[in-house]
Amino acid sequence: MPPTASPTPTPTVLLAEDDRAIRNALARALTLEGYRVTAVADGVEALAQVHRSRPDVLVLDVMMPGIDGLQVCRVLRAEGDRTPVLMLTALVETADRIAGLDAGADDYVVKPFDVEEVFARLRALLRRVAPAPESAPESASAPESAPAPESAESSRRQPASGTSGTPRNSGTPRTSGGRSDDPAAGRFVDAAGLRMDPRARRAWRGRRELELTRTEFELLELLVRNAGIVLDHSTIYDRIWGYDFGPGSKNLAVYVGYLRRKLDEPGAPQLIHTVRGVGYVLRED
């Protein structure tokens with residue numbers, strides 16, 4: 001029986017930003033991306049919070065009243081605190097960036113910023129401080145002789161049948177004499193040339209492993225588990241984000257775009273299709 005992957009701890013972020021609109025929007029985006037966020041309005045609160053409960057990473061606005069982001073960073077480094085620090089700044093001059101790096105910051109994002117850039121830089125900072133992973137068992141890798149993916153027709157089932165919290169087999173495992181000969185039977189979810197391992201949170205198109213964020217993985221898993229079924233916007237919002245952003249939101253379309261770019265292969269069919277006015281469906285045309 002393959003070993004069960006240990007759960008990945010939720011990364012904690014301390015966000016210090018004096019602009020309430022930016023603070024609230026970024027805290028919400030980080031939460032949706034899977035981080036546990038504590039948001040404060042100035043440097044004094046930031047230092048107090050770090051001393052109460054050390055986060056995995058800090059996001060500090062440079063220009064805050066009282067103690068600014070640079071001073072917060074200097075104090076932490078003087079105390080021997082090496083927690084990664086990402087600076088948010090409207091200052092674009094080289095001298096300003098040098099001052100921040102000299103204060104002990106690890107990276108910068110210049111305002112106005114794309115939230116996906118913030119996510120990418122946080123992932124990079126967290127990778128630097130993550131412990132070296134243990135050798136993965138061979139069974140967790142893309143199998144040398146993977147079972148043929150199910151067709152969209154054979155994988156039809158009730159819509160929105162759950163996400164990674166309740167992994168299910170997407171079809172009948174290969175058997176011999178009425179028994180499953182695949183020790184990983186029931187572990188993988190397959191459809192339209194995709195294979196997903198919800199427990200290990202890994203996904204492949206063919207033999208190519210996909211690098212997905214938490215939200216991208218959960219969205220793709222929902223589509224794979226419901227291959228061939230059109231899922232409407234409200235259903236997807238409810239399953240992935242827990243509430244509907246409303247008809248004017250572009251959030252879902254943005255994430256579908258990210259997934260399509262990661263799934264696309266030259267000469268291969270597109271897998272995620274838009275059903276105008278309804279939602280999205282995963283199928284291999």
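Arg 201 counts as partly exposed, because its relative accessibility is 33%. The value comes from a predicted model. Arg 201 sits in the loop that links S9 to strand S10 (202-205). Its phi is positive, about 55 degrees, although Arg 201 is not a glycine. The points below set this residue in the wider chain.

- Most residues other than glycine have a negative phi, and most peptide bonds are trans.
- Ala 192 belongs to the loop between strand S8 (189-191) and strand S9 (194-197).
- Ala 192 counts as buried, because its relative accessibility is 7%, and buried means under 20%.
- Lys 111 and Pro 112 are joined by a cis peptide bond, with omega at about -10 degrees.
- Pro 112 is in the loop between strand S5 (107-110) and H5.

**The chain as a whole**

- The chain holds eight helices and 14 strands.
- It has 285 residues, and 41% of them are buried.
- Take the contacts between residues at least 6 apart in sequence: 61% of these join residues at least 24 apart.

**Nonpolar cores**

- In soluble globular proteins, nonpolar side chains tend to be buried together.
- The largest nonpolar core has 46 residues. Leu 219 and Leu 282 touch the most other members.
- A second, separate core has 19 residues, including Ala 46, Leu 70, Val 72 and Leu 76.
- Leaving aside residues up to four places away in sequence, Leu 282 touches Ala 191, Ala 192, Leu 194, Leu 223, Val 224, Ala 227, Gly 228, Leu 271 and Ile 272.

**How H1 and H5 pack**

- Two packed helices are described by the angle between their axes and the distance between the axes.
- Helix H1 covers residues 20-33 and helix H5 covers residues 115-129.
- Their packing angle is about 55 degrees, and their axes are 11 Å apart.
- H1 and H5 are therefore oblique to each other.
- The crossing of H1 past H5 is right-handed.
- From H1, Leu 26, Ala 29, Leu 30 and Glu 33 take part in the contact. From H5, the residues they meet are Val 115, Val 118, Phe 119, Leu 122 and Arg 123.

Key
Residues numbered from 1 in each chain as written. Predicted model: local features only at pLDDT ≥ 70, side-chain atom pairs only at ≥ 80, totals over all residues. Heavy atoms only, no water. Helix = DSSP H or I, 4+ residues; strand = E, 2+ residues; numbered from the N terminus. Buried < 20%, exposed > 50% of the residue type's maximum accessible area, 1.4 Å probe, protein only. Contact = heavy atoms within 4.5 Å. Core = buried A, V, L, I, M, F, W, Y, C linked by side-chain atoms within 4.5 Å. Axes fitted to C-alpha atoms, helices over the stretch in contact; angles between N-to-C directions. Parallel < 35°, antiparallel > 145°, perpendicular 65-115°, else oblique. Left-handed = near helix turned anticlockwise from the far one by under 90°.
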